[in-house]
Amino acid sequence: MARTVGIGHQDFEDIRTKGLFYIDKTDFIREWWEGNDSVTLLTRPRRFGKTLNMSMTEQFFSIAYAGRGDLFEGLSIWEKPDFRDLQGSYPVISLSFADVKEGSFVQARKTICRIIKSVYRQFDFLLEEDCLSESEKADFLGISAEMEDSEAAFSLKALAGYLYHYYGKKVIILLDEYDTPLQEAYVNGYWEELVAFTRSLFNSTFKTNPYLERAVMTGITRVSKESIFSDLNNLKVVTTTSEEYESSFGFTEEEVFAALDEFGLSEKKEEVKSWYDGFTFGKKQIFIIHGPSLIIWIQNGCVVTGQTAVPTAWSESSLRKGIRKPSRILSCFCREEL
């Protein structure tokens, strides 16, 4: 029996507990962990599953999900005994800059600080423990939307330290859509201010942080190393031309055809391929399909309404957003990504 198709789900636990249609991407966890890179920057186009993969990674490693191996049963990562022992074994700080779409630096900075404050709230229990000194508790409570630049820059590093002293283990940090505020900053004319603020935050969080186990950042584009990454010589950059993780985002031809078989749409394989083929990640020639377009088509195009036309949801929305004002951003984002 075919699984239920749900659109718009970006929480791994939600998908797994509801038994929704899901194409197994958990081998990303194995490849990333075995790669042993300190900080990994992954760039992929919009709507290729970056946020869902970050949710999956958080829920695999996070102590908050200890004992939740049920979320991964039947998936490729759970077939590896060594990785079963890693599930729920690390403190994880997870945050996203997806909502930082402001017209001014003041508002963008405030939104980032509010996001950091919301992350701190997840660990309020530390205030009741003996792992923090009185001054550290005061610093913890001082995290706010109006905190000073120096406090903001040090905030995630400090939180990692608090968690390290509580759990006795270094921290995994996951940052989704790191480049959203930077794109808005360039378009709206406050690039230099935000770059200076972000550089300090990233340097403290990802470079000089003794409590960091590993980190992943995702985004659409790679911002040039001359800007926010100038201090991060420990950064592993994985772009669309890299061979690493080449099948971890989007759907391969094999995965798409298996999905069509599951929903009784085997005769539509060539039609789907003619509409959506064309992406190559890495040097390996690999058929990549944009995930939401396939899922929308399965749910609305054939399964629900019986239509046979393939919708062009991706080309009409995500592509248009992805190439907004490309000529203005060329000087700040790496050309290989454009």
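What volume does the largest cavity have? I looked this up and got about 30 Å³.

**Entry 1: ground rules.** I am working with a predicted model, where local features need pLDDT of at least 70, side-chain atom pairs count only at pLDDT 80 or more, and totals for chains, interfaces and linings use all residues. Residues are numbered from 1 along each chain as its sequence is written, and side-chain values use heavy atoms, with hydrogens and water left out.

**Entry 2: the cavity.** I found 1 cavity of 30 Å³ or more in the structure. On a 1 Å grid over the protein atoms alone, a cavity is a set of points where a 1.4 Å probe fits but cannot get out, and lining residues have an atom within 4 Å of a point. Points are joined across faces, edges and corners, and the volume is the space filled by probe spheres set on them. I listed the lining of the largest cavity as Leu95, Phe97, Leu156, Ile173, Leu175, Leu201, Phe202 and Phe206. By class I noted 8 nonpolar, no polar and no charged residues there. Ala, Val, Leu, Ile, Met, Phe, Trp, Tyr, Cys and Pro count as nonpolar, Asp, Glu, Lys and Arg as charged, and the others, Gly among them, as polar.

**Entry 3: who supplies the lining.** Strand 3 (171-176) and helix 9 (191-207) each give at least two residues to this lining. Helix 9 has the largest share, with 3 residues. Helices (H or I, at least four residues) and strands (E, at least two) are DSSP runs, numbered from the N terminus.

**Entry 4: helix 7 on helix 9.** I looked up how helix 7 (residues 149-167) packs with helix 9 and found an angle of about 30°, with the axes 7 Å apart. Axes are lines fitted to C-alpha atoms, for helices over the stretch in contact, and angles run from 0 to 180 degrees between N-to-C directions. The contact (heavy atoms within 4.5 Å) includes Leu156 of helix 7 and Leu201 of helix 9. I counted the contact residues by class as 6 nonpolar, 4 polar and 2 charged.

Entry 5: I traced 5 strands in an open sheet, order 2-3-4-1-5, with parallel pairing. Two strands pair if DSSP finds at least two bridges between them. Strand 2 (92-96) and strand 5 (235-238) stand at the edges with a single partner strand each, so one side of each has no neighbour in the sheet. Strand 3 is joined to strand 4 (residues 212-219) by 5 bridges.

Methods:
1 Å grid on protein atoms, 1.4 Å probe; cavity = no way out; pocket = protein on both sides within 12 Å on 5 of 7 lines; lining within 4 Å.
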